[in-house]
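I opened the notebook to look up a handful of things in one protein model. Here are my entries, in the order I made them.

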Amino acid sequence: MSTSQIAFLKGHGTENDFVIIPDPDNAIDLPASAVAGLCDRRAGIGGDGLLHVVRSAAHPEAHAMAGEAEWFMDYRNADGSIAEMCGNGVRVFARYLQRAGLVEEGDLAVATRGGVKKVHLAKAESVTGSAAGDITVSMGRAQFPREGVTVTVDGRSWPARNVNMGNPHAVAFVDDLDHAGDLFREPPYSPASVYPDGVNVEFVVDRGERHVAMRVHERGSGETRSCGTGACAVAVAAARRDGLDPSVTGAPVAYTVDLPGGRLVITEHPDGEIEMTGPALIVAEGHIEPALLAQRPPLA
């Protein structure tokens with residue numbers, strides 16, 4: 001690894017924030033301890049996760065997708081663990097590519113461990129370009145594993161809908177978002193065998209017709225201000241609860257999902273494809289001292 005300083009950027013999508021490491025040739029070693037150090041909000045840069053920007057052809061996990069997508073989002077959770085997908089992360093990833101002059105407004109494809117995601121960058125909302133347009137990500141289709149779980153917090157229990165968006169989610173509808181507790185730790189659920197590798201847990205309340213609000217515990221990160229795949233899981237779970245299935249009605253269904261960090265619009269189409277639309281911003285850039293990538297593991 002070079003001893004020269006390493007470039008980074010910081011971005012967020014509805015306040016789900018990320019450290020961005022541009023590394024087209026996949027030359028930077030990012031062990032879990034280094035990622036956890038970079039995402040530490042006191043000793044590092046701080047973020048809910050890390051976006052490692054690599055050309056698909058240069059990464060062994062994405063090489064097979066290089067013909068469809070030039071760029072691979074090598075996503076890591078804040079604790080350094082590897083994750084399949086991050087919906088807000090894809091939008092921020094695409095915004096970085098646009099800022100770096102690697103893509104323009106319009107359509108592009110991004111490779112992820114959850115498959116190739118189609119992305120659309122809308123035109124800027126102002127003629128001066130000071131306000132970036134929203135970004136829409138095609139998130140794939142939801143799967144509904146038959147196994148369900150019961151989530152319990154502070155003596156209250158709720159049935160949770162099992163939804164897979166390339167990563168696992170347990171969606172519980174509650175009367176008050178405060179019932180979710182602090183969400184620093186993964187809420188207990190049973191049977192635990194349903195999610196052997198952990199799960200993202202969403203707590204949801206209704207705000208109006210096709211309008212919900214949510215809080216989320218993201219595995220490996222704790223409570224975050226926003227979760228894109230979680231918002232998709234919540235929208236499709238709410239639609240099924242409300243008796244709405246686009247594959248049956250033949251009409252798209254859109255839900256507005258409010259998160260602590262902002263608002264997303266989730267649309268499910270008759271073919272099952274789910275689109276997520278929302279903002280993404282780059283807020284800072286600078287350089288990392290190489291020694292920070294040799295972080296010792298965080299204290300337990």
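The entries below go from the whole chain to single residues.

**Ground rules**

I am working with a predicted model, where local features need pLDDT of at least 70 and side-chain atom pairs count only at pLDDT 80 or more, while totals for chains, interfaces and linings use all residues. I number residues from 1 along each chain as its sequence is written, and side-chain values use heavy atoms, with hydrogens and water left out.

**Overall build**

I looked up the secondary structure and found four helices and 18 strands. Here helices (H or I, at least four residues) and strands (E, at least two) are DSSP runs, numbered from the N terminus. The radius of gyration is 19 Å, close to the 19 Å from the globule rule for 300 residues, so the protein is as compact as a globular protein of that length. For that entry, the radius is taken over C-alpha atoms and the rule is 2.2 Å times the number of residues to the power 0.38. The C-alpha trace spans about 55 × 45 × 35 Å along its principal axes.

I then checked contacts, meaning heavy atoms within 4.5 Å. Of those with a separation of 6 or more, 61% join residues 24 or more positions apart.

**Surface and charge**

What share of the 300 residues is buried? I noted 52%, with buried meaning under 20% relative accessible area, exposed over 50%, and partly exposed in between (1.4 Å probe, protein chains only). The accessible surface comes to about 13200 Å², and carbon and sulfur atoms hold 49% of it. Those areas come from the Shrake-Rupley method with a 1.4 Å probe; for residues, only the protein chains shown count as cover.

I counted 26 positive and 40 negative side chains, and the centres of the two sets lie 2 Å apart. Lys and Arg count as positive and Asp and Glu as negative, leaving out His and the chain ends. Each charge is placed at NZ of Lys, CZ of Arg, CG of Asp or CD of Glu.

**Cores**

I looked for nonpolar cores, which are sets of buried Ala, Val, Leu, Ile, Met, Phe, Trp, Tyr and Cys residues joined through side-chain atoms within 4.5 Å. The largest has 54 residues, and M73, V119 and I266 touch the most other members. Helix α3 (residues 228-241) gives this core its largest share, nine residues. Another core lies apart from it, with 19 residues, among them V149, V151, A180 and A213.

**Helix α1**

Is helix α1 (residues 32-39) mostly covered or mostly open? I found it mostly covered, with six of its eight residues buried. They are A34, V35, A36, G37, L38 and C39, and they pack against β2 (16-22), β3 (49-55), β4 (71-77) and β18 (281-288).

**Single residues**

V54 lies in strand β3 and is buried, with a relative accessible area of 0%. P24 is 30 residues from V54 along the chain, yet their C-alpha atoms are separated by 4.3 Å. Beyond four places in sequence, V54 touches D23, P24, N26, H59, E70, W71 and F72.

T224 sits in strand β14 (residues 222-224) and counts as buried at 2% relative accessibility. Leaving aside neighbours within four places in sequence, T224 is in contact with N16, D48, V216 and E218.

R146 is in the loop between β7 (135-141) and β8 (149-153), and is exposed, with a relative accessible area of 84%. I get 38 Å between the C-alpha atoms of R146 and G106, which are 40 residues apart along the chain.

I kept one reminder here: most residues other than glycine have a negative phi, and most peptide bonds are trans.

T14 has a positive phi of about 45°. T14 is in the loop between β1 (6-13) and β2, and is buried at 3% relative accessible area.

N26 also has a positive phi, near 60°. I placed N26 in the loop between β2 and α1, partly exposed at 26% relative accessible area.

Which peptide bond is cis, with omega near -5°? I noted the one from S190 to P191, and P191 lies in the loop between β11 (189-190) and β12 (200-208).
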